[in-house]
Amino acid sequence: MFGLTPEDWAQMLGAAERGEAPAVPWELLDEMDGLERVQRAGDEELVRARTVLIGLPSFYAIYMLHGLFMPDNPRLAAMRARIDERGLGPVLDRIVSLSPTPRQFTEGLTACLGGMLDELYEALMEQLAADPYLFRIPGDEHGAAGFMDTWTRTLQQQTRVPSAHAR
């Protein structure tokens, strides 16, 4: 990305985490949107933005998997509500990517510098810390295993091909 190896990025981000001044090749990013905002950000802000950018995909996956017959419970509904009440579902859809291009990475990092995505991430992390058992169905003593069993059965039921005799 930007002509840098993964090792180069790891060194720069590690230096930022340690409070050192990494040599960031800003000239390679001159054409990217949000460059000025990223350049003005301090090391701590950049590390925090990276944390948010890395952390949001997990919450987004939980948000989207609800549409794939994932069992629901009050914890998951509350998490989706935090995203929905802020109207950030479509924003996360734009920002979160499994394999971002350099432009998407820069846009995502810029979007995560403070503001609404940082606040959303913090709210979701607080909710998770307060009630970490997201994958439990009320009344099922099997915990996450019971949750996954229920989801797997539901998916299997939804994907069964009707037999030719049933027509």
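First, my terms: I take helices (H or I, at least four residues) and strands (E, at least two) as DSSP runs, numbered from the N terminus. Axes are lines fitted to C-alpha atoms, for helices over the stretch in contact, and angles run from 0 to 180 degrees between N-to-C directions.

I note that the model is predicted, so local features need pLDDT of at least 70 and side-chain atom pairs count only at pLDDT 80 or more, while totals for chains, interfaces and linings use all residues. Residues are numbered from 1 along each chain as its sequence is written, and side-chain values use heavy atoms, with hydrogens and water left out.

**Entry: the helix pair.** I looked up helix 3 (residues 43-65) and helix 6 (residues 102-111). They pack at an angle of about 110°, and their axes are 8 Å apart. Helix 3 and helix 6 are therefore roughly perpendicular to each other (65 to 115 degrees; under 35 is roughly parallel, over 145 roughly antiparallel, the rest oblique).

Which residues meet here, in helix 3 and in helix 6? From helix 3 I list Leu46, Ala49, Arg50 and Leu53; from helix 6, Phe105, Gly108 and Leu109. Contact means heavy atoms within 4.5 Å. I sort the residues of this contact into five nonpolar, one polar and one charged. Ala, Val, Leu, Ile, Met, Phe, Trp, Tyr, Cys and Pro count as nonpolar, Asp, Glu, Lys and Arg as charged, and the others, Gly among them, as polar.

**Entry: the core.** A nonpolar core is a set of buried Ala, Val, Leu, Ile, Met, Phe, Trp, Tyr and Cys residues joined through side-chain atoms within 4.5 Å. Buried means under 20% relative accessible area, exposed over 50%, partly exposed in between (1.4 Å probe, protein chains only). The largest core has 31 residues; Leu56, Ile83, Leu92, Cys112 and Leu117 touch the most other members. Helix 3 gives the most to this core, with nine residues.

**Entry: Cys112 and Asp118.** Not counting residues up to four places away in sequence, Cys112 touches Ala49, Val52, Leu53, Leu56, Leu117 and Asp118. I find Asp118 in helix 7. Is Asp118 buried or exposed? Asp118 is buried, at a relative accessible area of 16%. With the sequence neighbours up to four places away left out, Asp118 touches Arg48, Val52 and Cys112.

**Entry: Leu155.** Leu155 lies in helix 8. Leu155 is partly exposed, at 33% relative accessible area. Leu155 and Met70 are 85 residues apart in sequence, yet 8.4 Å apart in space, C-alpha to C-alpha.
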